[in-house]
Amino acid sequence: MEFLTQCNEDQLFKLTKLYRDRLEQAIEEVSPEISALLTYEKHFTGQEHQKVIELVEKGNQADSSKLLLTLVMGKGSVARRMMWESFVKMHHRLPKLDKILNEIQEIDLEQLDNVNIAKRLPEVPSNLKGVQEKHKEVLRVQTQTLQVSTIIIKEKVKTFQLVDRYTELTVISALRDRKLVEHELLARGRDHEEWREKHLRRELEKIPVDCLFQSSFSWIGFLVQKLKKWFWQSNFGSSAVVSGVPGIGKTTMVQKIVHDWAIGKIYPHFQFVFSFKFRHLNTYNGRVNLRNLILDEYPYFENVLGELWKNPEGLLFIFDGLDEFKERIDFAGHQRSTAPQHMCTDPESWCEMSDIVYSLIQHKLLPGCSVLVTTRPTALHLLEVAEVSVWAEILGFVGDEQKEYFNKFYEDKKVAAAVFKHLKENEILSTMCYNPSYCWILGLSLGSFFTQRGRKQQHVPRTITQLYSYYIYNVLENHGREIENPREVLLKLGEMAFAGVSEKTIVFTNEDLIQYNLQPSQFLSGFLMELLERDDSVRSIVYTFPHLTIQEFIAALAQFLTSDSGNIQELLSEAHSKEDGRFEIFLRFVIGLSSQSARPLEKLLGPFCHATICQVIAWVKEKVEEQIKNAASKPDQTNLLNTLHYMFESQNKKLLQEIVESAEIFNLRGLRLTPIDYLVLSSVFEFCDWVRKLDLRNCYIKCEGLQRLDSILHKCRVLRLSFNELGDSGMKLLSVVLRKPDCKIQELGLEENSLTDCCAGELSFALSINRSLNVLNLSNNELGDSGVKLLCVALRNPDCTIQKLQLADDGLSASCVEDLVSVLTTNRSLTNLDLSNNKLGDSGVRLLSVPLGNSDSKIQELVLKEVGLTSACAADLASALRASPALTVLNLGYNKLEDSGVKALCEALANPNCQVQKLWLCENGISNASMKYLTFALSSNCSLIELDLGHNKVRDSGVKLLSAALQNAKCKIQKLRLDDNRLSDSCTEDLASALSSNRTLTRLNLECNSFTDQSVPALRRIIMKCTGLACIELWDNKFSSDGKHQLKSLQGTRSGLNVELSAR
């Protein structure tokens, strides 16, 4: 890093001060390492180093790095430079530190000379001190309490002191996704904990809310915006955007910021803070100015606003909820910077509301002021080109913050502990706990299950539908008597809620309520107050559901409250077709409500519409069967996973059993499954006796995932778990599954799972007991000879049912072949054996050849691809071929048999006792000299139907000899590979002549040769006259475009014919 050599001591001191809050996070992992270096160089004492180490050992990495920086700052310039030199050496392995150093590299170091680190706060003019004190007092009173709904009739709303109730949220100085499509319960729920574990500690920087402005976080924002002259005393303000999903705590965070400023805790450099909600700004019609906007909320500023405008650097404007703003702010639009009517540069000028907000953020109005905007991710695209210094996202509660919330929520700590324990044991509900609003819903719904007078704990909700059903049940139970017909009110409210979901509307007005026959006067009833929150401002009254998911649930509930089901299936299909995720949770709620287990509400609302229930169940069945079918034939696994979540939400045992047991395959290959997905799979398959085929290859399962699926693995007839890093611990767990008396696994794929000989004993024991497993793929692991020796103990058991065993690329050598020979001698079930890509050599294959030639040998298919064979073992193989009564498939590809080895094999092929039907000899150093032996063998052999000679040097002369055999009536070859054999136009006439009368050949591979347009007529004759030919592969030759066209044009001349001229 060049900057370090260019930095003088004063500049390095300022950099350390400016970046200190971020450095504390960035070096948490390496503070002991840096401390040891500084101790070695005698900058730290042994006692100081020990204090750093002790904090790490206690798990206080954050305090350790903080102490390290404190010590360095007190040691002088040499220690400080040495610390930065260590940063440069280790930044590549620390993403946060790497980011900081890359930022500094872009800084003009001369700017640092003008930065006044110890700058004093500006004095508030004497004529503004009184109004500032009044303003702070007003804001303190407005923000000092939190009102929380309790659903209890005696105490509908409880009021808490903000400082007592507020739980700190985790905010990061980055945005994970500025274009969120999926609903936040899915997008931020499924992968939430895993994502945090992976990125929060190492890559993402936490940003305290008091560092959103005038810190190194906002400094780099200016660099990005090309504002190179920012100093703490400059005239440039900054804009910050904080994103967060619904209910994550954006508005409460704003309340806390305003409160902490009002009591002098944060942002002392701001003399005045003004906070606005976009939902209230929607009530302004026509043009307005900033002066009136402030006076409507804070009328006591009327005589002093002129003074405020003189010092914009002391002003902070907060705008909460951009996603709720009905006007569109187009930061990319050219008209705002050119058209006078869209310019707003004077706080006294009358402008459109959107122009005022735009001009403040872009520093065109009151340049020097700072602006904070909060929004949902769905509105972030509006700000992508805005002049924003800090992009931040609220992650919500992390780790112990969740537990702290429930401890504050319940007065009875035993209930808090019981609820939290239940949540941690339920993956679906536990994943919701990152969101404060979800925690509120969970707290209100679950508490009664864990009190002495509560419901039975076995009925505690498992699904989100059950959870929200009990939430509404509690509202009805406590407030239902307050209105004459709660079913009718919920139906009307649900119709409004559904319209909101459809139109992405979350804020409603009195007019909206009246439109759906919901009189605003009904808010005198506690019942409706629990389902809609009323938000009063100076100019208007608006209503929102406590959380978007409550709106979605009531919209779903309304579908079952009407007596006329209408065409609910059409509604569901239309909702399912929307790709922006707006109906995703609505659909889950509808499906969940069709299940008896999620209908406690019927006790209070009356029976749900039976026709609707039947139609919903029929739609689910059709949709799931469609997705299962699609996923079996094309990579549409994501949709299939969503349908499995639908099935889980339904909790309909009969439906689940019927669908699962009839499905051919559940193909989830390549999806990154999460703990919630495992729970869904386990629950969906729980009600079934068997699963035909479950494909979980490359799903990042690991041993932890297997543990979550443990209860259903034994039900799968075909279970594919390849490429999942299961390791030995995973294999040991699977061995337990295989030992279950009711294990139905017939085929088990475990390719490339980092298995070693350490798990082979457990697997061997399982195989000696299991009586269902027929196919076992252990290829691409690290079993080694010692592991295979252990497996052979079970395979020698006469009762072992394994028929197909794949051990390719398992680190085997000739040392384990004797054990395999003993298996082939005694085992009566094993018919297929794959030993490819192992170093067996000639000696190993010689040993294998002995049992293969026995009259009672059962081996039908033997794969010895790339095992180091030469012509030295060919005679032994030939002897086995002549004598073996069962061997029909032999793969000897990628060895070095050469012509002499092929000669020996051909002699065996010509023997009438030879049963081989498929022979692979690709890349074996075969030349045209071998073709005369092969021609003889093909002329007398009636069993060989597939021959692979690819990647050899047969050449034209060899093909001429081979063509003679292809004309022989005894030759039954159906598939012939001659790819990459240095063939040219000289041999195509012979091939055409030989194949013109051939009726057995179905596939011919001539790719990667040197055919030109000269061969096109002969190749066309082959295609037209060889009537059984279904596929000819000709790509990577030397045809012109016209030649390719002539060949390709024949594809439609015969049903099923495929002429391939391009790589697959």
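**Close-up views of a predicted model**

**View 1. Helices α41 and α42 side by side.** Val 845, Arg 846, Ser 849 and Leu 852 of helix α41 meet Asp 876, Leu 877 and Ala 880 of helix α42. Sorted by class, the residues in this contact of α41 with α42 are four nonpolar, one polar and two charged. Like every other view here, this one shows a predicted model rather than an experimental one. Helix α41 covers residues 841-852 and helix α42 covers residues 874-883, and the two pack with their axes 8 Å apart at an angle of about 15°. Because angles under 35 degrees count as roughly parallel, α41 and α42 are described as roughly parallel to each other. The crossing in which α41 passes α42 is left-handed.

**View 2. Helix α41 and its contact with helix α40.** Helix α41 also packs against α40, at an angle of about 10° and with the axes 9 Å apart. At such an angle α40 and α41 are therefore roughly parallel to each other. On the α40 side the residues are Val 817, Glu 818, Leu 820, Val 821, Leu 824 and Thr 825, and these meet Gly 844, Leu 847, Leu 848 and Pro 851 in α41. When the residues of this contact of α40 with α41 are divided by class, seven are nonpolar, two are polar and one is charged.

View 3. Asp 809 is found in the loop between β17, residues 804-806, and α40, residues 817-826. Although Asp 809 is not a glycine, its phi is positive, at about 50°. With a relative accessibility of 36%, Asp 809 counts as partly exposed, because that class lies between the limits of 20% and 50%.

**View 4. Phe 723, another residue with a positive phi.** The loop between β14 (716-720) and α37 (727-738) holds Phe 723. The phi of Phe 723 is near 60°, which is a positive value in a residue other than glycine. Phe 723 counts as partly exposed, its relative accessibility being 29%.

**View 5. Helices α30 and α33 crossing at an angle.** Helix α30 (residues 584-593) and helix α33 (residues 637-650) have axes that come within 7 Å and cross at roughly 40°. That angle makes α30 oblique to α33. The crossing of α30 past α33 is right-handed. From α30 the contact takes in Glu 584, Leu 587, Arg 588, Ile 591 and Gly 592, and from α33 it takes in Asn 642, His 645, Tyr 646, Glu 649 and Ser 650. By class, the contact of α30 with α33 is made of three nonpolar, four polar and three charged residues.

View 6. Phe 553 belongs to helix α28, which covers residues 548-558. With a relative accessible area of 1%, Phe 553 is buried, because buried means under 20% relative accessible area. If its neighbours within four places in sequence are left aside, Phe 553 is in contact with Thr 465, Tyr 468, Ser 469, Ile 472, Phe 589, Leu 593 and Leu 601. Although Phe 553 and Phe 586 are 33 residues apart along the chain, their C-alpha atoms are separated by 6.4 Å.

**View 7. Asn 981, a buried residue in a loop.** Asn 981 lies in the loop between β23 (975-977) and α46 (988-995). Its relative accessibility is 0%, and Asn 981 therefore counts as buried. Not counting residues up to four places away in sequence, Asn 981 touches Leu 949, Gly 950, His 951, Asn 952, Lys 953, Val 954, Arg 955, Cys 1008 and Asn 1009. The C-alpha atoms of Asn 981 and Glu 1007, which are 26 residues apart along the chain, are separated by 9.0 Å.

**View 8. A sheet of three strands.** The strands of this open sheet follow the order β9-β11-β10, and their pairing is antiparallel. The edge strands, each of which pairs on one side only, are β9 (508-509) and β10 (533-536). Strand β11, residues 541-544, runs antiparallel to β9, and two bridges join them. Phe 508 stands opposite Tyr 543 in β11.

**View 9. The whole protein, for orientation.** The protein has 48 helices and 26 strands. Of its 1064 residues, 57% count as buried. Among the contacts between residues at least 6 apart in sequence, 80% join residues at least 24 apart.

Note on methods. Residues numbered from 1 in each chain as written. Predicted model: local features only at pLDDT ≥ 70, side-chain atom pairs only at ≥ 80, totals over all residues. Heavy atoms only, no water. Pairing = 2+ DSSP bridges. Helix = DSSP H or I, 4+ residues; strand = E, 2+ residues; numbered from the N terminus. Axes fitted to C-alpha atoms, helices over the stretch in contact; angles between N-to-C directions. Parallel < 35°, antiparallel > 145°, perpendicular 65-115°, else oblique. Left-handed = near helix turned anticlockwise from the far one by under 90°. Contact = heavy atoms within 4.5 Å. Nonpolar A, V, L, I, M, F, W, Y, C, P; charged D, E, K, R; others polar. Buried < 20%, exposed > 50% of the residue type's maximum accessible area, 1.4 Å probe, protein only.
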